[in-house]
Amino acid sequence: MVSSDGIRGYHDLMILGILLDGDSYGYEISKEITARTGGRYQVKETTLYSAMNRLEKQGCIASYSGTQSKGKPRTYFTLTPYGREYYREKCSEWTLTSQIVQQFMKEEIE
Amino acid sequence: MSRIEVYVNNLFAAIPDSREAREMKRNIIDSMEDNYQALRDAGKNENEAFGEVVSQFGTVDEIREALGVQTGAGQEGGTPVPPEMLEDYLVFRKKFALLLPAGIVLCVLGLVVMLFLEPLLGDMASAFLFLFAALGAGLIVYICLEEDSWSKIEKSWKRGQGPVRYQPEEAPEEEPEREVSPHKKRRKRLTGRINSVIMLAATLWFLVQGFWLGHWGTAWVVFPVAGVACALMKELVKLVMER
């Protein structure tokens, strides 16, 4: 079980990382997160949409209305150039964080 | 409005209206309905799918944080639930405590009655067993179906330490939401009750026709007729309530 405190702050990285591969919409993104983590992490609706709301406000992603097969308009999200930059920053941040934490991990504990 | 829409609307009732909030609400509803559809396609029934979708919702606090809204005083720990939903829930709990044992008692009573009437009516006594059992079973099924709908919602509340009565801070914004729900809920409850009565009456009629008159071959017609009657009553109730 992943603690929500641990993963907090990296939802942005997950979402932006998925959008790198192409535009997507809410449900597809949440499905993709579950799929890529092999079911080990499932993002909550509220968490996902709070993050996306924030990313849009920051200018990292942009939304537009696209149609789906049933004819109902659906909100799609796309990565902006600023979003790409922010993603790179987040990736280095994570690498740094994990390197730091790694210093305190022991192979075997008595 | 779909069940999911009603549920999300109830949870968002605690949040002041804004274009952002409405957009987020719309996105969440769409996503949940996509998820619901996928679960149904995977073979889950309505209640299972609804329950799962609801359990993945998360907490209202996250939404508040995202929209930059203040958390109300006294909300710590509990999941704020609109008072109406809470009342419905308490009513349901009382009903459950009453109807489940009642249903079971009826079934047992049926057996007892049958045994008593055996010397008097011979084979006909078993009709009483079926009658009572049908009523009892009907009650049990009815209350368990309702229980099913509530159980997943209950679980999502338990994560936030149980339902807590929400104190609305800005009354004017809450009113429009409340006006729509009570009518629909009352209508649904009324329709539900009428349907139960119709179906039970149909079952009774069928058994009577069968056991006492032996018309098993034709008596089954009562069921499709009852189905149509249920649909008719639903429309009638809608009409009456719209006045």
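Biologist: To begin with one residue, does B:Glu235 count as buried, partly exposed or exposed, and what is its relative accessibility?

Modeller: A word on the source first: this is a predicted model. B:Glu235 has a relative accessibility of 43%, so it counts as partly exposed, falling between the limits of 20% and 50%. Its side chain meets that of B:Lys238 in a salt bridge, with N to O at 3.8 Å. B:Lys238 is partly exposed too, with a relative accessible area of 27%. Both B:Lys238 and B:Glu235 belong to helix H9 of chain B, residues 222–242, and they are three residues apart, about one turn of the helix.

Over all chains, a search of the whole structure finds 14 salt bridges. Chain A supplies a pair that links distant parts of the chain: A:Asp12 is in helix H2 (residues 11–20) and A:Arg54 in helix H4 (residues 45–58), 42 residues apart. The closest N and O atoms of A:Asp12 and A:Arg54 are 2.8 Å apart. A:Asp12 has 4% relative accessibility and counts as buried, whereas A:Arg54 is partly exposed at 37%. Also in chain A, a network of salt bridges links A:Asp21, A:Glu32 and A:Arg36.

Between chain B and chain A the count is two salt bridges. In one of the salt bridges, the side chains of B:Asp34 and A:Arg74 meet at 3.2 Å, N to O. B:Asp34 lies in helix H2 of chain B and A:Arg74 in strand E3 of chain A (residues 73–79), so this pair joins two chains. Both B:Asp34 and A:Arg74 are buried.

The surroundings of that pair are the interface itself. There, 23 residues of chain B are in contact with 18 residues of chain A. The area buried between the two chains is about 1700 Å², with carbon and sulfur atoms giving 44% of it. On the side of chain B, B:Asn27, B:Asp34 and B:Gln56 lose the most area to chain A, together 29% of what that side buries. Eight residue pairs are in polar contact across the interface of chain B and chain A. Helix H2 (19–41) and helix H4 (60–67) of chain B are the elements that give two or more residues to the side touching chain A. H2 of chain B gives the most, with 13 residues. By class, that side has eight nonpolar, eight polar and seven charged residues.

Conventions
Residues are numbered from 1 along each chain as its sequence is written. Chains are lettered from A and ligands numbered from 1 in the order in which they are written. This is a predicted model: local features need pLDDT of at least 70, side-chain atom pairs count only at pLDDT 80 or more; totals for chains, interfaces and linings use all residues. Side-chain values use heavy atoms; hydrogens and water are left out. Contact means heavy atoms within 4.5 Å. Buried area is the accessible area (1.4 Å probe) that two parts lose on being put together, summed over both. A salt bridge is a side-chain nitrogen of Lys or Arg within 4 Å of a carboxyl oxygen of Asp or Glu. A polar contact is a pair of N or O atoms within 3.5 Å; within protein, one must be able to donate a hydrogen and the other to accept it, and residues adjacent in sequence count only if both atoms are side-chain atoms. Helices (H or I, at least four residues) and strands (E, at least two) are DSSP runs, numbered from the N terminus. Ala, Val, Leu, Ile, Met, Phe, Trp, Tyr, Cys and Pro count as nonpolar, Asp, Glu, Lys and Arg as charged, and the others, Gly among them, as polar. Buried means under 20% relative accessible area, exposed over 50%, partly exposed in between (1.4 Å probe, protein chains only).
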